[in-house]
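I opened this notebook to keep track of what I looked up, entry by entry, with the coordinates at hand.

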Amino acid sequence: MVKKWLPNAYLCLIFFFLYAPIVVLVLFSFNASSRATGTWTGFSLEWYVELFEDRQIRGALGYTLIIAILSTAISMVVGTLSAIGVYKLRKKARGYVLNVNYLPIISPEIVTAIGLMILFQSIRLNFGFTTMLLAHIMFSIPYVILQVLPRLYAMDPNMAEAAMDLGATPWQAIRMVVVPEIRPGIFSGALMAFTMSLDDFVISLFNTGNGVTNLSIEVYSMARRGIRPTVNALATLMVAIVFITVLIANQIQLRKKVRG
Amino acid sequence: MNENIKRFSYPYIVWISIVIVIPVLLIFLYSFIQSTGEPVVFRFTLQNYRDFLDPIFLNVLWHSFIIAAISTAICLLLGYPVAWVVSRLKPHRQSSALMLFILPMWINMLLRTYAWITILSRQGILNKILARLGMGPFHMMYTDFSVSLGMVYNFLPFMILPIYTSILKVDGHLIDAARDLGASGSHVFRKVMLPLTMPGIITGVTMVFLPAMSTFVIPQLLGGGQYIMIGNLIERQFLLTGDWHFGSAISVVLMAFILLSVWAMKRFDGGGSQAGTAGKGALPW
């Protein structure tokens, strides 16, 4: 008997631990009081109104989206072409490139962040939109490459050669033969790049300036001053977006399974 | 033919040399120089590292290590049974359970950390509940407890997922065989499961310890302005006091410390020949 319920109870407890704070976060965005930290004083949408009226946050939202879209688009194209090139490198050279490619993934974020900060400072770039965008492209491309490479390995290596033997230029071979084969890898890489860019805090914090911020930086500067219901309102919107995205992705997968 | 396509990698090689290799070299370089005067003159020095030998800073390093190690240990103790329970569920239940572990990781880490302030503070939800039970109020925010809790909360999935993968790889017949030969439950765990899932444990420990050791967000939000871990120390040098040279030296120390810890753990595992294969894909060491 004990054997049956104990593991499940434990699992439920862990899920409670993981989700209770998120529920609290959402719940307290509708709390009327601004001061009382753990007391429910009535339903209110006041903090959402305040959030939408906050110019700073709207600006940060704009920057977050523009940088995520631009860095994803750029790293998707550059990452895919680079992966195709890296795939054709000799084994030893490929090993070196991939090891360097791994570095930003495994090193502590703060180290990557200050490394870029010193680099941008050394070449006298003004901190702001450009540096933040460059930083996001820098940490996104390695993920795209790592998603695309396995697809290239899985592909028949003769296909591109055959296309070129039949008179295609390398560009044509890549566009019309290789890319359609590795499309799933490109998309999953782009999705990773997009979510990482939306979520990034540490690298952005160190590589921005001139009033350019993103949502994470805004949350940080508000949260370090203690509890703020506007942060809860913002959090609720972000949680909602994540959950809806996951739901839609799941539905698409399910439908694919049904069709297949 | 291949030569033509190979050329697509050349711009990327130049790019990673500039944005990945050079920054690492710059951190090293910065840690060994000091800039003085106007116009700025750079000169070679070991002073930045000597500064770090101050007991105050060594204490910060030691404290960061202890907090990260305790949080990692708690993650392991909580996470291993979770991975085990999930691996015994029916297959379709397993994938939903995994989904539920991954889902919170999609939510911004700052927000997940911030959420704990409402729960742990003096007037917070936890103290309210404890008061009903006739206990407290406890002082939980801005302590080692709140910081470790924040780390366990944020990084627990990193521990569960690799251990779960390694448990799935264990051949069930081995457990049955050990049982048939008379091994008790704890014996099976120590002599069969633990060694066979060691690669997953090592990957999990690395994936929790590394961010726990270097984070500055969790100590800042849950530890308060006075709570300094090594990440905060670096952040302050770059964003507050502007001593980039000292900040670089601390970063070099941090990286050396992390590499050393990971290396020591592999030695502890005894050869670590298996760890190499399990870590692949997640972490190349």
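**Cysteines**

I began with Cys12(A), whose sulfur lies 20 Å from the closest cysteine sulfur, that of Cys75(B), which is too far for a bond. The model is a predicted one, and I kept that in mind for each entry below. A pair would count only with its sulfur atoms within 2.5 Å, and my search of the whole structure returned 0 disulfides over all chains. I also looked up the accessibility of Cys75(B), which stands at 0% in relative terms, so Cys75(B) counts as buried.

**Chain A overall**

I then turned to the secondary structure of chain A, which comes to 11 helices and 0 strands. For the overall dimensions, I found that the C-alpha atoms of chain A fill a box of roughly 75 × 65 × 30 Å along the principal axes. The radius of gyration of chain A is 23 Å, whereas a compact globule of 260 residues would have one near 18 Å. I recorded that 48% of the 260 residues in chain A are buried. Among the contacts in chain A with a separation of 6 or more, 70% are between residues 24 or more positions apart. The accessible surface of chain A is about 13,200 Å², and carbon and sulfur atoms account for 66% of it.

**Helix H2**

Which residues of helix H2 (residues 46–53) of chain A are buried? I found Trp47(A), Tyr48(A) and Leu51(A) to be buried there. Viewed down the axis of H2(A), the buried residues fall within an arc of 100 degrees, so they line one face of the helix. As a reminder to myself, an α-helix has 3.6 residues a turn, so residues three or four places apart point the same way.

**Positive phi values**

Finally I looked up backbone angles and noted Arg124(A), which is not a glycine and yet has a positive phi, near 60 degrees. Arg124(A) sits in the loop between helix H5 (109–122) and helix H6 (129–154) of chain A, and with 67% relative accessibility it counts as exposed. Asn210(A), also not a glycine, has a positive phi of about 55 degrees. I located Asn210(A) in the loop between helix H9 (202–206) and helix H10 (215–223) of chain A, and its relative accessibility of 68% makes Asn210(A) exposed.

Definitions and conventions:
Residues numbered from 1 in each chain as written. Chains lettered and ligands numbered in written order. Predicted model: local features only at pLDDT ≥ 70, side-chain atom pairs only at ≥ 80, totals over all residues. Heavy atoms only, no water. Buried < 20%, exposed > 50% of the residue type's maximum accessible area, 1.4 Å probe, protein only. Helix = DSSP H or I, 4+ residues; strand = E, 2+ residues; numbered from the N terminus. Arc of directions from axis to C-beta. Rg over C-alpha atoms; globule rule 2.2 N^0.38 Å. Contact = heavy atoms within 4.5 Å. Areas by Shrake-Rupley, 256 points an atom, 1.4 Å probe, with all protein chains shown as cover.
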